[in-house]
Amino acid sequence: REGVVFAYGATEPEAGSDLGALTTTATPITNKKGEVTGYTINGRKQWISNGTIADFTTILAATPAGPSWFVVEKDTPGFSSAPPEDKHGLRLSNTAALYLDDVKVPADALIGMVEGKGMVQAQQVFGYTRLMVAAFGLGGGWEALDRAIQYSINREQGGGPLCEKQGYTHKLIVPHAVRLEAARAYMEDTADKIDRGLGTNGAMNCEGAIAKYMATVAGNAAADDAIQAHGGYGYTRPYVVEKVKRDVRITTIYEGTSEIMEMTIARERWQQHLKTQGGYYRAKAAELRTVHTQHPTVGADVAALANDALAIVLEACRTGRLTRNQHILFRIGELIAHCEGAEIFAKRAAAAQTDSAHEKSLKRFDANTFALMSRVYAREAAARVALDGSRWVAGAADPGSPAVAAVSGIPTAAIQAAQAGLVTDMDAVADAIYGRNA
């Protein structure tokens with residue numbers, strides 16, 4: 001209302017995305033009656049957007065009761081900032097380190113007026129902010145891809161335009177369009193659930209993490225291949241894609257790195273697997289098979305295979321106690337993101353066929369194209385779970401471990417058989433992207 005600029009002071013030089021490792025402290029100031037009248041804050045913050053220009057900054061600091069958030073005004077004595085960082089991308093965005101040296105704030109600067117609520121408050125925010133960063137990744141990826149698409153229409157090579165060459169479109173265009181649209185479907189589904197107040201206190205933390213992971217990884221890959229798609233021109237500034245790549249790169253780092261997203265996803269869904277005695281993803285598979293009976297062209301049956309395979313991988317990890325390996329936990333997070341992405345994309349494609357998609361959903365592609373894209377993505381997700389899942393179980397388990405025997409139950413033959421028609425579907429997706437269906 002007043003047009004003030006805020007900054008969000010969570011990240012620290014040594015803690016990075018691990019908010020639980022913060023070292024900034026807020027020591028209570030009490031009067032003779034023992035009442036808290038204020039706090040003295042000491043610490044450092046790093047990579048803070050709006051760091052040198054914000055009128056107010058929310059600072060996460062440790063109090064006797066635990067991490068807590070405080071609002072600090074710009075000109076408070078002891079509160080200062082370093083010069084803006086000279087960054088790889090997002091160069092117009094003001095990013096700086098913050099210094100708090102005996103910064104005194106009144107008691108009512110404590111957000112919520114109760115100490116120790118900082119981590120809960122942060123988690124409530126992440127459902128929104130990670131979805132926001134996912135949108136950055138999605139937008140950056142599509143901007144770069146659209147430029148590559150236009151370039152390929154106009155660029156003649158080897159006797160014809162690049163857009164007519166399968167070796168170009170099926171490596172540099174189609175896979176990225178599919179992954180970006182899968183990410184969009186998951187983002188829209190998560191946003192809708194947040195709007196409806198689902199999740200804990202209206203926050204969808206795991207879903208927000210999956211949305212961010214899918215969209216930012218896909219956006220970076222699309223931007224990187226957009227440079228490749230332009231050849232030498234892609235490496236020059238006038239063609240813009242090199243700038244898009246520099247700008248979108250940060251999305252896999254800030255608001256929680258991709259590795260933090262993998263950990264968040266894996267921990268949350270691991271608990272769901274244990275609580276349901278392995279039934280969490282089998283239930284999703286059953287639901288997808290129902291979707292397949294009603295919409296047999298959207299790839300829900302292949303997405304169901306991916307979920308079945310994931311349930312087997314998770315159970316093998318439980319049997320072999322493999323999540324003691326941090327790397328295995330992270331790889332599980334990656335596979336979960338792809339698997340749930342395939343689930344939601346199939347449901348989005350099904351909704352397109354009945355014209356029941358959310359009113360704010362993008363109308364760029366028709367129902368047939370969504371079905372094609374969903375089938376392509378479901379095949380990829382199922383293959384990843386089957387191959388990488390069994391690989392990491394075998395790689396982490398001891399010789400003769402029952403975990404290795406457990407992954408033999410992955411429906412590998414069915415997943416391989418489901419790959420039939422993949423290139424034909426990619427041909428059709430390329431036709432849709434380039435408007436050749438007519």
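Let me start with the aromatic cluster, in which ring pairs link Trp142, Phe345, Phe365, Phe370 and Tyr377; here rings of Phe, Tyr and Trp, the last by its six-membered ring, pair if their centres lie within 6.5 Å, and planes under 30 degrees apart count as stacked, over 60 as edge-to-face and the rest as tilted. Please keep in mind that this is a predicted model, in which local features need pLDDT of at least 70 and side-chain atom pairs count only at pLDDT 80 or more, while totals for chains, interfaces and linings use all residues. Residues are numbered from 1 along each chain as its sequence is written, and side-chain values use heavy atoms, with hydrogens and water left out.

Across the whole structure, the search finds 11 aromatic pairs. In one of them, the ring centres of Trp142 and Phe365 are 6.2 Å apart and the planes stand at 40 degrees, so this pair is tilted. Because Trp142 lies in helix 1 and Phe365 in the loop between helix 9 (326-353) and helix 10 (367-396), the pair ties together parts that are 223 residues apart in sequence; helices (H or I, at least four residues) and strands (E, at least two) are DSSP runs, numbered from the N terminus. Trp142 is buried, at 5% relative accessible area, and Phe365 is buried too, at 9%, where buried means under 20% relative accessible area, exposed over 50% and partly exposed in between, with a 1.4 Å probe and protein chains only.

The buried ones are Val241, Glu242, Val244, Lys245, Arg246, Asp247 and Val248, and their cover includes helix 1 (118-154) and helix 4 (205-229), judged by contact, that is, heavy atoms within 4.5 Å.

Lastly, the core: which residues touch the most other members of the largest nonpolar core? Of its 107 residues, they are Tyr168, Ile173 and Ile433, a nonpolar core being a set of buried Ala, Val, Leu, Ile, Met, Phe, Trp, Tyr and Cys residues joined through side-chain atoms within 4.5 Å. Helix 9 provides the largest share of this core, 15 residues.
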